[in-house]
Amino acid sequence: MSNNRHHPTPISAATMRTTARTNHPQPTVKRQRITPPLQALNHTLFIGKPTAQDALNAAVNADDTCESVYEQLTQKTKSLATETLTIEFPWRLRVGGTRGFNDLLLPVFHPVYGIPYIPASSLKGMVLAWARTDYPDQVNRLFGTLDQGIGCVQFLDAFPTRPSLSVDMANSQWHWQNHRVNYQPEPHALLSMEMPELVIGLAPTCRGNSEDVKLVKGWLEKALAVSGLGSRVSAGYGRTNLTEKQKGWLKKTYQFQLWTAGMYGAEQNSPEFRPTAVRGMLRYWFRAIALGLYPPQQCQHLEAILFGTLEPTSQSGTLRIGVDWEEEERDNDHPHLYQGKICLEAQNEKHLVLIRRILQLASHLGGIGKGSRRPLHWNQPYPGLRGCYWQLTQPQLSSSPNIWRTKFLPAVKDAFLAVEPPSGVPGNGNPGKPGGRYQDVLNHNARIYLVPCPQLKHPEDIRDWRREGIKSQVRGKALTLLYEPRFKGVNKQGEGNANVGGCLETPSYVVIKSNFPEGKTPYQTVTVFGANQSSRAAFIQALPKDSIPVWTTSS
């Protein structure tokens, strides 16, 4: 990813003032007006009727004027500290402060400079929490206590080296309400630091020395690599790398590739890979399976244990998801390609096995982010790429019914039961109606079919998406059928079948995923939720005759 915003060239105070009196007129130098982001936020409140987006955009624009401030504060940190650590974040960093205008969650702004920063207390608390586990005997001396007074090492406030504020987006789509998961997208704009570089300074107190500082600097490096910094670390924010493992946690890493029509945050014209989309995908499939095994209350409780929750009280989960990736930039006529690794971390073996099984299932049944319910293809009559394709770079399952029915799907179910047995009867798992959509559930009313597609083309083999992307060799047999007028989702003219293909505010009830097992026949998985509905039952009847059922009423 790259940050393409223009940063104005700083003009130092020395350039602004005349250092000697002469009889010659001095050239006029235009002063760059500096507006702190916090000031811009406050000022926006008094202009017309501002929206949340107006306020956030004003803060980002103001941040771009503060480059000289960041430079000066970086130099100040380096001059005051005896040891510094420069750390880069490959994605975003969120350090929560207060709730502001329109209940926006704002980052911590410095009370004097009005720019985002990391308080020394936050840095010290992060390192202290990590060190208490591995070095409990040295913590009190180095960090101090209320009874024994100050410690040996002090942390300085950390500032980004350059403007990095960016409008970010959190968009929860499925919500628990009255023991049922409703589809209700709720986009929330917020501010985070995009790909920031921080300079963190350390110095000895009157009780410490340079060796103490070097020791704590090493702890700081470890804590950042293991624990991350700020909030939402479990969703990918504030991670510096994925190589270190937190003590007491278990880890499993998978290589992946993703071809997608685009993944977006707040800026719809600026695609970016978002680790939160991976977490959201895993959470969706967790619910799809768990709601078919447990009563809704037990499912919600187990979800909170694994993934954490904010309401009614904040609770950290036993799982963390990290993603490290590289991006291959493409134009609008070609899909974006992301490849890297997905790191799953858990606090115990059973939870790690469970999230691994969910990831493997998700990689065979659906996609990630926008277009996750469709194979990647070129859409008509509204031209453009749609859907996505992703794969874990390990052997994909073949379309053997024996593997799916007797090994893979039972292993997913067993992983759930090993974590917690059901305490009652599952709910009815009704996916709802158009306009009133509920969570999809893999229960007795769901179906999974494997549709062999011998001529199916892998995305990397397609050169001309406009020409090839509309053909059945790219769409596959299942998507070609779904795009027939009797099943296709409702279009802008109101034509289509919302009970199968979905419509605005109603996700499709059919999820299609293309799979390319090495050396085997390509195939598509077709997952139908609420298959007892007449239109969806008709879609199932229309599937190719060689389709293989692997999840039926007896599953």
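Leaving aside neighbours within four places in sequence, Arg 320 is in contact with Val 226, Ser 227, Val 233, Ser 234, Arg 239, Gln 246, Trp 249, Cys 343, Leu 344 and Glu 345, where contact means heavy atoms within 4.5 Å. Before I go on: this is a predicted model, in which local features need pLDDT of at least 70 and side-chain atom pairs count only at pLDDT 80 or more, while totals for chains, interfaces and linings use all residues. Residues are numbered from 1 along each chain as its sequence is written, and side-chain values use heavy atoms, with hydrogens and water left out.

Back to Arg 320. Its place is in strand S13, residues 319-328. Helices (H or I, at least four residues) and strands (E, at least two) are DSSP runs, numbered from the N terminus. Is Arg 320 buried or exposed? Arg 320 counts as buried, because its relative accessibility is 7%; buried means under 20% relative accessible area, exposed over 50%, and partly exposed in between, with a 1.4 Å probe and protein chains only. A polar atom of the Arg 320 side chain lies 2.7 Å from the backbone oxygen of Val 226. For the backbone oxygen of Ser 227, the distance to a polar atom of that side chain is 3.3 Å.

Next, the helix pair. The axes of H6 (residues 136-143) and H7 (residues 210-227) come within 12 Å and cross at roughly 120 degrees. Axes are lines fitted to C-alpha atoms, for helices over the stretch in contact, and angles run from 0 to 180 degrees between N-to-C directions. The angle makes H6 oblique to H7: under 35 degrees is roughly parallel, over 145 roughly antiparallel, 65 to 115 roughly perpendicular, and the rest oblique. Which residues make the contact? From H6 they are Gln 138, Arg 141, Leu 142 and Phe 143, and from H7 Asp 212, Leu 215, Val 216 and Trp 219.

Now Trp 465, found in helix H12, residues 465-468. Trp 465 is buried, because its relative accessible area is 2%. Its contacts beyond four places in sequence include Asp 333, His 334 and Pro 335. Trp 465 and Asp 333 are 132 residues apart along the chain, yet their C-alpha atoms are separated by 6.5 Å.

Last, Thr 65, in the loop between helix H3 (52-63) and helix H4 (67-80). Thr 65 also counts as buried, at 16% relative accessibility. Its side chain reaches the backbone oxygen of Ala 62 at 2.6 Å, and a polar atom of that side chain lies 3.0 Å from the backbone nitrogen of Thr 35.

How values were computed: A polar contact is a pair of N or O atoms within 3.5 Å; within protein, one must be able to donate a hydrogen and the other to accept it, and residues adjacent in sequence count only if both atoms are side-chain atoms.
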